[in-house]
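User: I would like to learn how to read a model of this kind. Please take one feature at a time.

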Amino acid sequence: STKDEKDYQVEFVKSVSNRYKKESSEVIKALQNAVINNENTFEKIMEAVKFCTLGEITHSLYEVGGQYRRNM
């Protein structure tokens with residue numbers, strides 16, 4: 001991709017994060033609580049993708065569950 005395309009994508013992600021700041025914090029907390037309580041997370045993830053970036057969702061899951069490391 002070109003530099004303009006990359007710059008556009010970075011700005012788009014920033015604008016989405018800023019636009020849905022309140023909603024994203026609420027759905028992230030709900031997702032983290034579902035993980036902590038060993039509940040089905042699919043519904044919470046589907047709600048989170050409406051307001052959060054993939055990076056925000058991944059980071060929130062990492063905070064409560066750690067990083068998966070495969071045994072070699």
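**Reading the features**

Analyst: K50 and E47 form a salt bridge, with 3.1 Å between the closest N and O atoms. Keep in mind throughout that this is a predicted model.

User: Are the two partners, K50 and E47, buried, partly exposed or exposed?

Analyst: The cut-offs decide: under 20% relative accessible area is buried, over 50% is exposed, and values in between are partly exposed. K50 has 53% relative accessibility, so K50 counts as exposed. E47, at 31%, is partly exposed.

User: How many salt bridges does the structure hold?

Analyst: There are three. Besides the pair K50 and E47, the side chains of D7 and K3 meet at 3.0 Å, N to O, and those of K14 and E11 at 3.9 Å, N to O. The cut-off is 4 Å between a side-chain nitrogen of Lys or Arg and a carboxyl oxygen of Asp or Glu, so the pair K14 and E11, at 3.9 Å, qualifies.

User: Where do D7 and K3 lie, and how far apart in helix α1 are K14 and E11?

Analyst: D7 and K3 both belong to helix α1, residues 3-19, and their spacing of four residues is about one turn of the helix. K14 and E11 are three residues apart in helix α1, so about one helical turn separates them. As for accessibility, K3 is exposed at 61%, whereas D7 is partly exposed at 35%. K14 is partly exposed, with 48% relative accessibility, and E11 is partly exposed, also with 48%.

User: Which residues make up the largest nonpolar core?

Analyst: The general idea is that nonpolar side chains tend to be buried together in soluble globular proteins. Here the largest nonpolar core consists of seven residues: V27, I28, L31, A48, F51, C52 and I57. Helix α2, residues 21-36, is the main contributor to this core, with three residues.

User: What does V27 touch, leaving out residues up to four places away in sequence?

Analyst: V27 touches E47, A48, F51 and C52. Among these, A48, F51 and C52 are also members of the core, while E47 is the salt-bridge partner of K50.

User: Which residues make a nonpolar surface patch?

Analyst: Y8, F12 and V13 make a patch of about 300 Å². F12 is placed in helix α1. Patch residues need over 30% relative accessible area, and F12 has 38%, which counts as partly exposed.

User: How many helices and strands does the protein chain have?

Analyst: The protein chain has four helices and zero strands. Along the sequence the pattern reads α-α-α-α. The radius of gyration is 14 Å, well over the 11 Å that the globule rule gives for 72 residues, so the protein chain is more spread out than a compact globule. Its C-alpha atoms fill a box of roughly 40 × 40 × 15 Å along the principal axes.

User: What share of the residues counts as buried, and what is the accessible surface of the protein chain?

Analyst: Of the 72 residues, 19% count as buried. The accessible surface is about 6000 Å², and carbon and sulfur atoms hold 53% of that.

User: What share of contacts joins residues at least 24 apart?

Analyst: Taking contacts between residues at least 6 apart in sequence, 67% join residues at least 24 apart.

Notes. Residues are numbered from 1 along each chain as its sequence is written. This is a predicted model: local features need pLDDT of at least 70, side-chain atom pairs count only at pLDDT 80 or more; totals for chains, interfaces and linings use all residues. Side-chain values use heavy atoms; hydrogens and water are left out. A nonpolar core is a set of buried Ala, Val, Leu, Ile, Met, Phe, Trp, Tyr and Cys residues joined through side-chain atoms within 4.5 Å. Buried means under 20% relative accessible area, exposed over 50%, partly exposed in between (1.4 Å probe, protein chains only). Helices (H or I, at least four residues) and strands (E, at least two) are DSSP runs, numbered from the N terminus. Contact means heavy atoms within 4.5 Å. The radius of gyration is taken over C-alpha atoms; the globule rule is 2.2 Å times the number of residues to the power 0.38. Accessible areas come from the Shrake-Rupley method with a 1.4 Å probe; for residues, only the protein chains shown count as cover. Patches are made of residues with over 30% relative accessible area and no salt bridge: like charges are joined within 9 Å, nonpolar side chains (Val, Leu, Ile, Met, Phe, Trp, Tyr) within 5 Å.
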